[in-house]
Amino acid sequence: MKKVLTATCVMLTLAATGCSVGVREQTGGGQESGGPIKIAVVPKAIGFDFWEKVRVGAECAGSKQQDVELQWDGVSAESDVSGQQSLLQDMLAQGNVKGLVYAATDAKALSDVTKTAQGQGTTVVNMDSGTTPQPPDVPVFATNNVAAAEQGTDELARQLGGKGKVAFIEFQAGTSTNETRGQGFKNGLAKNPGLQLVAQQSSDSDYNKALQVTQDILTANPDLNGIYAANEPSVLGAAEAVRQSGKTGQVKIIGWDTSEGQIQSLRDGVITGLIAQNPFKMGYAAVNTAIAKIRGAGEQAPNTDTGATLITKENLDSPEIQKLLNPSCENPPQ
């Protein structure tokens, strides 16, 4: 049968309020409710390159299934925990959401949302970040943040010749992603005792705050050699602070994610390494799993590592990296 793609909003990368994309059969019945399966997909925040790639993967998965409608929506800041709670509760209160795929802005605060959803029979799948506790029947599709962060710290040590003073810019205390990336970084420090941690500050996942705290760190530590920054706003703010200080190339920056600005700073030599996740795969696999669970197909899905790749200026233009940076439903990354 011919499938028809329907969209109920226009998605802008930097200013989005919500989006619903559905795939339906032109003829034939829907689900028991008389319509398509409705799945709400909620990132930590909209307006970021990483979450836009998650959206592309999620919508790709939905477009390949019959009788599925996706609703994409989110808050505008990853630090807006109460806003995400309210949004999710409102979605569940509608009573027609069969599946909830979301990334928790706070592991403990969002656990009650999962309980509420499961209590009313809604299938839940987490992407990128789960909850504490994590229900055994709620799979998480995410990067192995500890292993990837440790790899990034090893690269920072390599670039510094095994020794130097370094700073850590974290982003959101209380989120499982922040904590695991911090743990991986500290594991890397333990393996590389020549690295001395002289400062640790939070950006609150905000570019301007990341810029400010990095400027303060550079002022207090004029002999700083390296920075490990744990997410996109933290990396961009740190990079701008280093650029403004005139220390491009002198202070090495290893960070997470791969927005356009980050990639340009990598080309410019301001950023010296990026840990690239596979957000397309997160969105794609999480939505596919939710659909399978709702339809009773297959076994219980386990937690899944969606992979991470270290990008430097040397491998940036390789075909594999370019596919990861520019994912599409027609040419998805592995």
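Tutor: In this predicted model, T258 is found in the loop between β11 (252-256) and α8.

Student: What makes up the surroundings of T258, leaving aside its neighbours within four places in sequence?

Tutor: T258 is in contact with D49, K53, I263, A276, I311 and L325. Contact requires heavy atoms within 4.5 Å. For D49, which lies 209 residues from T258 along the chain, the C-alpha atoms of the two residues are separated by 7.5 Å.

Student: How do you know that β11 and β12 pair, and in which sense?

Tutor: Pairing requires at least two bridges found by DSSP. Between β11 and β12 there are three bridges, in the parallel sense, and the two strands therefore meet the criterion. The bridge partner of I254 is G273, in β12.

Student: What is the order of the strands in the open sheet?

Tutor: The six strands follow the order β9-β8-β10-β11-β12-β14, with mixed pairing.

Student: Which residues have the most contacts inside the largest nonpolar core?

Tutor: They are L224, I227, I253, I271, I311 and L316, in a core of 28 residues. Among the elements that each supply at least two residues of this core are β8 (164-170), α6 (207-220) and α10 (319-325). The largest share, five residues, comes from α7.

Student: Which residues does I253 touch, not counting those up to four places away in sequence?

Tutor: I253 touches I227, A238, A239, V242, V270, I271, T272 and G273. A second, separate core of 26 residues includes W51, V68, V101 and V125.

Student: What is the average pLDDT of the protein chain?

Tutor: The chain averages a pLDDT of 90, and 90% of the residues score at least 70. Over residues 1-33, however, the pLDDT is below 50, although this stretch has 72 contacts in the model beyond near neighbours in sequence. Where pLDDT is low, the predicted coordinates should not be read in detail.

Methods. Residues numbered from 1 in each chain as written. Predicted model: local features only at pLDDT ≥ 70, side-chain atom pairs only at ≥ 80, totals over all residues. Heavy atoms only, no water. Core = buried A, V, L, I, M, F, W, Y, C linked by side-chain atoms within 4.5 Å. Buried < 20%, exposed > 50% of the residue type's maximum accessible area, 1.4 Å probe, protein only. Helix = DSSP H or I, 4+ residues; strand = E, 2+ residues; numbered from the N terminus. pLDDT = per-residue confidence, 0-100.
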